[in-house]
Amino acid sequence: MKLSFFFIVIFFLSASQSSAQSCKNYAFSDNKKYAACNDLRASNSYLHWNYDEATGTVEIAYRHAGIEPTRWVAWAINPTGNGMIGAQSLVAYRNASGILRAYTSPVTSYRTRLQEGKLSFQVPNLAADFSNNEMIIFATIILPKNTTTVNHLWQDGSVIGDHLGMHSLSGDQVRSMGTVDLLSGKVVATKGGIPNLRFKQVHGLINAVSWGFLMPVGAITARYMKVFADPAWFYAHIICQTSAYALGIAGAVTGIYLGGKSHGIQHQTHRQIGILLLVLGFLQVLALKLRPNKEHKYRLWWNIYHHSVGYTIIVLSIVNIFEGFNILNPVKTWRLLYASVLIVLGAIAVVLEALTWFIVIRRKRETPNTTVPAPAGDVGA
């Protein structure tokens, strides 16, 4: 009997919790009523609305439950597509002073920080409320007449002071979009996410391995292996650098494809550095063909050129990889992983620098009349 009673209590508690999470049972504090509502499929979000077809006026209340005070929320209509670019957003957040802000923001790029601006339609009333870890955006929107279906999307992200960070690119954040039939109240989910996300991830991985890893390893090989393995270091160096450049070309091809998809208007800094790396890499390959003999009077100047361009490529590669991280905004693990790889490579370089100079100095003392190659000395035969 007691066990049966226990299960009955659990059943009613579960049912009560389930119904409490439904938009249909939600009561607004001002007793405002909405004719239609829908439980959105992601991010603990709910949409309530009244629609006047004759005037194209929509009253909406977008609710995001379970949100921390240090995060922004946004709900948007995209009149031109079903993705992020072109979205006309309503944004709300609490600033560093605890003041609640609500404003409009048109989205024109994937790197938007949701700056305030006018939308393509009128929003005569806009307000927000935050309590019990729930943000609500209230708004009146005037849509073009005969608009009965709209593409909408919703997001949330971190707030640092008055600066709004990018939202995550995984989990609910790639499912937070759909289509709303304002007349029937039906909400149809659409495939979310950033366009070509998988292709962008492949592009980033190829370039991180080629420019960001193999290139520095090749430089370390050339600088330090000479003391331990001459002339094997030269061939190891050539293998690393040519493999890196070949992969870099593959990464460039994916970048050109992605640039065509974005019509060449986004991520200009990332693209320009990538083009410069390709040119410098080609000049390095060409320089090997034009390398003077060791005894040639221009060999010293060739070495200076080769080292300078090589280190410039490494520095620009690292900068551009982090620029790519800023664009793609992956989970922090990937950024930390690559930073850890750089730290390990740097530590290895420091140890090898000390070790090779120790060996060079010792050999010179043992055989004072013998020429011993120093780190970063002549390149090639």
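**Exercise 1. Classify T254 as buried or exposed, then find its contacts.**

Step 1. Take the accessibility. T254 has 10% relative accessibility and therefore counts as buried. The cut-offs are these: buried means under 20% relative accessible area, exposed means over 50%, and partly exposed lies in between (1.4 Å probe, protein chains only).

Step 2. T254 sits in helix 3, residues 232-261. Helices (H or I, at least four residues) and strands (E, at least two) are DSSP runs, numbered from the N terminus.

Step 3. Check the basis. This is a predicted model, in which local features need pLDDT of at least 70, side-chain atom pairs count only at pLDDT 80 or more, and totals for chains, interfaces and linings use all residues. Residues are numbered from 1 along each chain as its sequence is written, and side-chain values use heavy atoms, with hydrogens and water left out.

Step 4. List the polar contacts. The side chains of T254 and H203 are joined by a polar contact of 2.7 Å. The T254 side chain also reaches the backbone oxygen of G251, at 2.6 Å. A polar contact is a pair of N or O atoms within 3.5 Å; within protein, one must be able to donate a hydrogen and the other to accept it, and residues adjacent in sequence count only if both atoms are side-chain atoms.

Step 5. Leaving aside neighbours within four places in sequence, T254 is in contact with F199 and H203. Contact means heavy atoms within 4.5 Å.

**Exercise 2. Describe the disulfide of C23 and C37.**

Step 1. Count. A disulfide is a pair of cysteine sulfur atoms within 2.5 Å. By this rule there is one disulfide. It joins C23 to C37, with an S to S distance of 2.2 Å.

Step 2. Locate both ends. The pair links distant parts of the chain: C23 is in the loop between helix 1 (2-20) and strand 1, C37 is in strand 1, and they are 14 residues apart.

Step 3. Get the hand. The torsion about the S-S bond of C23 and C37 is about 75°, so the disulfide is right-handed.

Step 4. Check burial. C23 is buried, at a relative accessible area of 4%. C37 counts as buried too, at 17% relative accessibility.

**Exercise 3. Work out the order of the five strands in the open sheet, and its edges.**

Step 1. Read the order. The five strands run 1-2-3-8-7, with antiparallel pairing. Two strands pair if DSSP finds at least two bridges between them.

Step 2. Find the edges. Strand 1 (36-39) and strand 7 (122-131) each have a single partner strand, so one side of each is left without a neighbour in the sheet. Neighbouring strands of this sheet are turned by 15° against each other on average, direction ignored. Here axes are lines fitted to C-alpha atoms, for helices over the stretch in contact, and angles run from 0 to 180 degrees between N-to-C directions.

Step 3. Go through the pairs.
- Strand 2 and strand 3 run antiparallel and share eight bridges. D52 has T57 of strand 3 as bridge partner. Their hairpin has four residues between the strands, and G56 takes a positive phi near 75° there.
- Strand 3 and strand 8 run antiparallel, joined by nine bridges. A65 stands opposite E134 in strand 8.
- Strand 7 and strand 8 (residues 134-142) pair antiparallel over eight bridges. N125 stands opposite T140 in strand 8.

Step 4. Look at strand 3. Seven of its nine residues are buried, so strand 3 is largely enclosed by the rest of the structure.

**Exercise 4. Identify which residues touch the most other members of the largest nonpolar core.**

Step 1. Define the set. A nonpolar core is a set of buried Ala, Val, Leu, Ile, Met, Phe, Trp, Tyr and Cys residues joined through side-chain atoms within 4.5 Å.

Step 2. Name the residues. The largest core has 27 residues, and W49, I60, Y62 and W75 touch the most other members.

Step 3. Assign the elements. Those giving two or more residues are strand 2 (45-52), strand 3 (57-65), strand 4 (71-78), strand 5 (88-94), strand 8 and strand 9 (149-160). Strand 8 gives the largest share, four residues.

Step 4. Follow W75. Beyond four places in sequence, W75 touches residues including L47, I60, Y62, I137, I141 and W154. Apart from this core lies another, of 14 residues, among them W72, A74, V91 and V107.
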